[in-house]
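Reader: Hi! Could we go through this model together? I have a few quick questions.

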Amino acid sequence: MNIKIKQVPGFAAMVYILYTLILFSSGFFFSCSKDSDTSMGSDYVNSQTGYQLIDTLSVNLSTIIIDTLEASSSGSILLGYHSDETFGDVSCSSFFQLGIPDTCNIETTDTYDSLALVLTYNKYVYGDTTLEQKILVHQLTEVIDEEDSLITNQTTYEYDPNPIGSIVYTPSPNNPVDTLVIRIDDAIGRDLYTKIIQENSIVTNINDFIDYFKGLTLIADDAYRGCIVGFEGDVGEVKLSLFTTRKAYDTEHLVHEFSLYNASKQFNHITHDFSTTQLSALIDQKNALPSTETHGLAYLYGGIGLAIRVDFPSLGDILYLDRGKILKATLSLAPQKGSYNEYDLPSQIYIYEADILNNYDYTGNLYSSYQYLDNLYHEETYYSFDLTSFITDEVSDSYIDPDRGLLVTLLAENLIAQFDRLIIDQDNNKTNLKIYYLSY
């Protein structure tokens, strides 16, 4: 047994325990970030009651990749290509359907001007915005299945390999002009223009339109490696705009909009390549990569679904203690120093309970973190979790389930919409499990 404790003996312990419980009930006691020496001497009458701080139980970390990330209804179109030494190459493309205009107000004397895809920035960006990006627009040749209940970040649909539009641009998500306009092939525009004039059912009936114009995919050109840019993925924020001119007494410029249809079927297709990194062994969710094989580090990464598994292999040692009660259990995880100089740390991370195959229920028990930031010296930055209920439950039947662990990740809606990254250092002394135990 490798438990090391700080203990208060004798009558003084009883006084100390009473004082501690008063502070604990007021919410003060566990707000302190440093441990104090609880020893009060041994010149009092011995007592079987004692307060103990256990802070030497081992914490094992590993990295897993989540096989299935539900990607539909993300509300965000992610486009671009990013590469770095830590996580390798990541590419984002997006798929969606378009609907028909609310009204078809084109007269036979109107003239066709142009067709353009209009995207609205959502101000999310990951990477270097000073580098040019290239987006290719392709028409789908396969309808996005309305009955497909599980669209993941690995889902894809067939599309015409010949693009109908493209743009090379420098991302400017924070500029006053908040849209990106991509010119679309005039052959497509004139065809839609003609069908509107003819009042063809293709542009008046949504089912006929989707059967004819199945949707679009926007693909990042991997020759342009800089950043991943976010655009709004909601109805009204994505539109194929057909521009026409009407000349009567005055010249009138008209816009006919084919807006995003069925936002629940808009999704991002995300690919990654770990081959040049120490994460190359990660293939499927059931096989975790121990931090002992990654220089003591464990990785969390949104978009592609990297999460951190936490296990407590020596937790069973607590069963050898005298009869008592767990007052508090906290887990602290410290980021690798220097790993967040360029990329901000996630403001919030979460823990879910997991089985031996790293399956977890994101609607189940959830433990949220509190972030401590040391912006001056970067020595005291860490995330803290209250795991009192988890640890108490684990030891309650005097059996420690070796298959039961924890997964550290982001909320599901953030996991598919952004590339938050976090590297935890298992060897940092701030990465630890502390149990406050009252024996009697």
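Predicted model: local features only at pLDDT ≥ 70, side-chain atom pairs only at ≥ 80, totals over all residues.

Reader: Which residues are buried in helix α4?
Author: Residues are numbered from 1 along each chain as its sequence is written, and side-chain values use heavy atoms, leaving out hydrogens and water. In helix α4, residues 388-395, the buried ones are Thr388, Phe390, Ile391, Glu394 and Val395. Buried means under 20% relative accessible area, exposed over 50%, and partly exposed in between, with a 1.4 Å probe and protein chains only. Helices (H or I, at least four residues) and strands (E, at least two) are DSSP runs, numbered from the N terminus.

Reader: And what do those buried residues pack against?
Author: Strands: β18, β19 (350-354), β20 (366-372), β21 (382-386), β22 (405-409) and β24 (432-439).

Reader: Which residues have the most contacts inside the largest nonpolar core?
Author: Val310, Phe312, Leu331, Phe385, Leu387, Ile391 and Ile435, in a core of 44 residues. Strand β18 (residues 324-333) gives the most to this core, with four residues. A separate second core has 36 residues, including Tyr112, Ile164, Ile184 and Tyr193. A core here is a set of buried Ala, Val, Leu, Ile, Met, Phe, Trp, Tyr and Cys residues joined through side-chain atoms within 4.5 Å.

Reader: What does isoleucine 435 touch?
Author: Leaving aside residues up to four places away in sequence, its partners include Gln52, Leu53, Ile54, Leu57 and Ile391. Contact means heavy atoms within 4.5 Å.

Reader: Zooming out, how many helices and strands are there?
Author: The chain has five helices and 24 strands. Of its 440 residues, 51% count as buried.

Reader: New topic: which way does phi go at lysine 123?
Author: Lysine 123 has a positive phi of about 75°, although it is not a glycine. Most residues other than glycine have a negative phi. Lysine 123 is found in strand β6 (residues 111-127).

Reader: Is lysine 123 buried or exposed?
Author: Lysine 123 counts as exposed, because its relative accessibility is 51%.

Reader: Where is glutamate 199?
Author: In the loop between α2 (186-197) and α3 (206-212). Glutamate 199 has a positive phi too, near 55°, and at 61% relative accessibility glutamate 199 counts as exposed.
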